[in-house]
Amino acid sequence: MTASAAGDIAQITVGQSDTLAPSLTYEAGLTYTDQQSAVMWNGDGAALEDGQPLLLDLYGESLTDATPVVNTFDGLPQSFVLTEESLGEDLYASLIDLNVGARVLTVSPGDGSEDKPPVAIVMDVRSETAQGDEVPAPESMPAVSLDVDGAPQVTVADDAPTVDDLQIATLIRGSGPQVTATSRVLVNYTAFYYADGENAEDGAWEAGDVFRTSWPADVEPLTIDMDAGDTVTGITQGILDQTEGSRVELVIPATMGYPSRGTMVVVVDILDVWNSEE
């Protein structure tokens, strides 16, 4: 039996396909002996930092028979943490000096069996925060600022009026796809109390306190199926017609949120919007 010729990552071409995912062109059946990576391009976004949340779009296929093994480009990206423990030493080393917006190609050699063939994966580093044009915030809404880690915080005025209807303010307007009534949406969010209060579930709180958030690195962003009714009405109605990359502030009355918590303020970063073509 003749041994397969040796393959190298430089022999793989990444191009465009008929879908959102990239295409891979290469000679099938070559043998890859080492883990390899190549930066296709760096991004112009924020520099990646150790331990931060990491959002990746992934497309990969077997280098033996071109069978797809992963594809988030035609869906929602996956969440990781930028550590060696989470990604492995090789991938961590490939990403740590890059910026948001980078594209990296990796090759894993597998073990030569049918069950574990060599695999090539294209990775696009997505932003974990809103990316777009800032929009002046209305004075009638609680002021939104960012803490040292970039997470939102709000300041609620002592005389903030009672809210009976949903209030919506776009703080950053993204340029991506629009959220529809049937979209799948990936968001980072923080929910805040709007007024002082107390209940058996949460105890006492003050206006502006956080009661739920996806911003810590060890918490994954929230996936919302807009037509599934799996999150509060105020959030689904508040992000409807917004665009990917946007930051939206919502003041949600108790009737559209959590009645026991009263009115709440939610800041939502829309990270990804997937709309089925069907």
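Two strands are taken to pair if DSSP finds at least two bridges between them. With that criterion in mind, I turn to the structure shown above, which is a predicted model.

I begin with strand S8, residues 119-126. Strand S7, residues 103-108, runs antiparallel to S8, and six bridges join the two. Within this pairing, Leu-105 has Val-122 of S8 as its bridge partner. Strand S4, residues 53-62, is also antiparallel to S8 and is joined to it by eight bridges. There, Leu-56 stands opposite Val-125. S8 itself is mostly covered, with seven of its eight residues buried.

My second topic is the aromatic residues. Three aromatic pairs are found in a search of the whole structure. In one of them, the ring centres of Tyr-193 and Phe-211 are 4.9 Å apart and the planes meet at 45°, so this pair is tilted. Because Tyr-193 belongs to strand S13 and Phe-211 to strand S16, the contact ties together parts that are 18 residues apart in sequence. Tyr-193 is buried, at 4% relative accessible area, and Phe-211 is buried as well, at 16%.

Phe-211 also forms an edge-to-face pair with Tyr-258, at 6.1 Å centre to centre and 85° between the planes. Tyr-258 lies in the loop between strands S18 and S19, so this pair ties S16 to a part 47 residues apart in sequence. Tyr-258 is partly exposed, with a relative accessible area of 27%. The charged end of Arg-261 sits over the ring of Tyr-258, 5.1 Å from its centre.

Finally, Tyr-193, Trp-205, Phe-211 and Tyr-258 form one aromatic cluster.

Definitions and conventions
Residues are numbered from 1 along each chain as its sequence is written. This is a predicted model: local features need pLDDT of at least 70, side-chain atom pairs count only at pLDDT 80 or more; totals for chains, interfaces and linings use all residues. Side-chain values use heavy atoms; hydrogens and water are left out. Buried means under 20% relative accessible area, exposed over 50%, partly exposed in between (1.4 Å probe, protein chains only). Helices (H or I, at least four residues) and strands (E, at least two) are DSSP runs, numbered from the N terminus. Rings of Phe, Tyr and Trp (its six-membered ring) pair if their centres lie within 6.5 Å; planes under 30 degrees apart count as stacked, over 60 as edge-to-face and the rest as tilted. A charge sits over a ring if NZ of Lys or CZ of Arg is within 6 Å of the ring centre and within 35 degrees of the ring normal.
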